[in-house]
Amino acid sequence: MTQTRSITNPYLYETLNMMIGQAVVVQTEKNIQQGILLSILPDHMVLEINRTPFFIRMEEVVWVTLETTKK
């Protein structure tokens, strides 16, 4: 039996799709992660941190923003 998952927050999903390939900061329920957003799927995102992919469940995301560097 195939089970499909619905997108719980379609606005966040669409916004994150536009941020793929960019450096982002993600606040989860436990900590803050910074890295390159590699991909976004309905139930998780893939963030590259120090050349290592990290899978973050969308349910754990509190907020996301683009990373800014001070010059």
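**Contacts, burial and surface**

Modeller: In this predicted model, Thr28 touches Ile56, Glu60 and Val62, when residues up to four places away in sequence are not counted.

Biologist: Is Thr28 buried or exposed, and in which strand is Thr28 found?

Modeller: The relative accessible area of Thr28 is 6%. Buried means under 20%, so Thr28 counts as buried. The strand in which Thr28 is found is E1.

Biologist: Val62 is touched by Thr28. Is Val62 buried or exposed?

Modeller: Val62 lies in strand E5, which covers residues 61–66. Its relative accessible area is 52%, and the threshold for exposure is over 50%, so Val62 is exposed.

Biologist: What is the relative accessibility of Val26?

Modeller: Val26 is found in strand E1, residues 23–28. Leaving aside neighbours within four places in sequence, Val26 is in contact with Asn31, Ile32, Gln33, Met45, Leu47, Ile56, Val61, Trp63 and Val64. Val26 counts as buried, with a relative accessibility of 0%.

Biologist: What distance separates the C-alpha atoms of Val26 and Glu60?

Modeller: Glu60 is touched by Thr28. Val26 and Glu60 are 34 residues apart along the chain. Their C-alpha atoms are separated by 9.8 Å.

How values were computed:
Residues numbered from 1 in each chain as written. Predicted model: local features only at pLDDT ≥ 70, side-chain atom pairs only at ≥ 80, totals over all residues. Heavy atoms only, no water. Helix = DSSP H or I, 4+ residues; strand = E, 2+ residues; numbered from the N terminus. Buried < 20%, exposed > 50% of the residue type's maximum accessible area, 1.4 Å probe, protein only. Contact = heavy atoms within 4.5 Å.
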